[in-house]
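Please have a look at the structure before I go on.

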Amino acid sequence: MDAQLIEKLDRRRYKTLLWQAVGFASMFVGLIAKPYVTGKAAVYAICFTSGLGIGVFLAASFKSSRNERTIKSDPELLDALNNELIRLYGYKSLMWAFYATLITAATLLFISHRLDITARFACIVIIYAACLSLMISRLVYLRK
């Protein structure tokens, strides 16, 4: 198998994961901040940011799906780009996301003794922290 093709697909996977993380972060910031913002212009800016984040996340997800389909279609590419090390990085990333979930939940529980935090807000923040830490840790592990 051509080493340049493997490097190209690996870089493409990294870039799509980066864009997924950026899109997810901007999408969820709007969900978290919208109930607490009162100005009309600020609400429009948050809605625009969230909409843009949804678009970026969906586009990156489609590209990632296409890359994975290309990798899975060729056994040599599958062996080179989905080996034990990549799977180990995935497991480590899940571990970091689990720890981030626990830490975020504990922090929100501690803060809720002083502030009035709604269950909706807590759930959104926990999901945000878990998913974003998963994406960021995968980016760190896959970085060259």
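Let me begin with what I mean by a pocket: on a 1 Å grid over the protein atoms alone, a pocket is an open set of points with protein on both sides within 12 Å along at least five of seven lines. Please keep in mind throughout that this is a predicted model.

With that in place, the largest pocket holds about 240 Å³ of space, and 15 residues line it, with Arg13, Glu68, Ile86, Arg138 and Leu142 lying nearest its centre. Which helices supply the lining? At least two residues come from each of α1 (3-33), α2 (40-73), α4 and α5 (119-142). Sorted by class, that lining comprises 6 nonpolar, 5 polar and 4 charged residues.

Staying with helix α5 for a moment, isoleucine 136 lies in this helix, and it counts as partly exposed because its relative accessibility is 43%, which falls between the 20% and 50% cut-offs. Its C-alpha is 7.1 Å in space from that of alanine 21, although 115 residues separate isoleucine 136 and alanine 21 in sequence.

Is isoleucine 103 buried or exposed? With a relative accessible area of 56%, isoleucine 103 is exposed, because the cut-off for that class is over 50%.

Key
Residues are numbered from 1 along each chain as its sequence is written. This is a predicted model: local features need pLDDT of at least 70, side-chain atom pairs count only at pLDDT 80 or more; totals for chains, interfaces and linings use all residues. Side-chain values use heavy atoms; hydrogens and water are left out. Buried means under 20% relative accessible area, exposed over 50%, partly exposed in between (1.4 Å probe, protein chains only). On a 1 Å grid over the protein atoms alone, a cavity is a set of points where a 1.4 Å probe fits but cannot get out, and a pocket is an open set with protein on both sides within 12 Å along at least five of seven lines; lining residues have an atom within 4 Å of a point. Grid points are joined across faces, edges and corners, and a volume is the space filled by probe spheres set on the points. Helices (H or I, at least four residues) and strands (E, at least two) are DSSP runs, numbered from the N terminus. Ala, Val, Leu, Ile, Met, Phe, Trp, Tyr, Cys and Pro count as nonpolar, Asp, Glu, Lys and Arg as charged, and the others, Gly among them, as polar.
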